[in-house]
Amino acid sequence: MKKGVCEMTYDSKVVNRIKRMEGQLRGILRMIDEEKDCKEVVTQLSAVRSGVDRTIGVIVSENLVTCVQNSEGDPAVVNNSIQEAVNLLVKSR
């Protein structure tokens with residue numbers, strides 16, 4: 001793989017998603033401290049998990065686009081980038 005082909009910068013959308021999840025996790029800790037019903041806690045944990053899954057998808061897809069755009073049409077780089085993206089998605093499950 002060519003050096004620098006898949007360098008990615010993270011935009012504010014990704015950072016904001018992660019900050020939102022951070023806030024949700026703090027809220028969940030507060031709920032636990034306040035001994036809220038387990039159903040409420042699990043609901044919020046599920047929301048965080050969904051947020052993590054969506055953020056992983058955004059990062060992997062944006063990285064794949066960057067890699068393909070910077071591949072200079074090299075089929076080996078494109079194929080390797082696609083395989084890496086698939087592996088990351090599988091690993092995140």
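Trainee: How many cavities of 30 Å³ or more are there by the rule applied here?

Mentor: This is a predicted model, in which local features need pLDDT of at least 70 and side-chain atom pairs count only at pLDDT 80 or more, while totals for chains, interfaces and linings use all residues. Residues are numbered from 1 along each chain as its sequence is written, and side-chain values use heavy atoms, with hydrogens and water left out.

The count comes to one cavity of 30 Å³ or more. A cavity here is a set of points, on a 1 Å grid over the protein atoms alone, where a 1.4 Å probe fits but cannot get out. The largest cavity holds about 50 Å³ of space, a volume being the space filled by probe spheres set on grid points joined across faces, edges and corners.

Val60, Asn63, Leu64, Cys67, Ser81, Glu84, Ala85 and Leu88 line the largest cavity, lining residues being those with an atom within 4 Å of a point. The elements giving two or more residues to this lining are α2 and α3; helices are DSSP runs (H or I, at least four residues) numbered from the N terminus. By class, the lining has five nonpolar, two polar and one charged residues. Ala, Val, Leu, Ile, Met, Phe, Trp, Tyr, Cys and Pro count as nonpolar, Asp, Glu, Lys and Arg as charged, and the others, Gly among them, as polar.

The two helices may now be considered as a pair. The axes of α2 (residues 38-69) and α3 (residues 75-91) come within 9 Å and cross at roughly 175°, which means that α2 is roughly antiparallel to α3. Axes are lines fitted to C-alpha atoms over the stretch in contact, with angles from 0 to 180 degrees between N-to-C directions; over 145 degrees counts as roughly antiparallel. From α2, Ile56, Gly57, Val60, Leu64, Cys67 and Val68 meet Val78, Ser81, Ile82, Ala85, Leu88 and Leu89 of α3, contact meaning heavy atoms within 4.5 Å. The residues of this contact divide into 10 nonpolar, two polar and no charged.

The loop between α2 and α3 includes Glu72, a residue other than glycine with a positive phi near 55°. Leaving aside residues up to four places away in sequence, Thr55 touches Val14, Arg17, Ile18 and Met21.

Notes. Angles under 35 degrees count as roughly parallel, over 145 as roughly antiparallel, 65 to 115 as roughly perpendicular and the rest as oblique. On a 1 Å grid over the protein atoms alone, a cavity is a set of points where a 1.4 Å probe fits but cannot get out, and a pocket is an open set with protein on both sides within 12 Å along at least five of seven lines; lining residues have an atom within 4 Å of a point.
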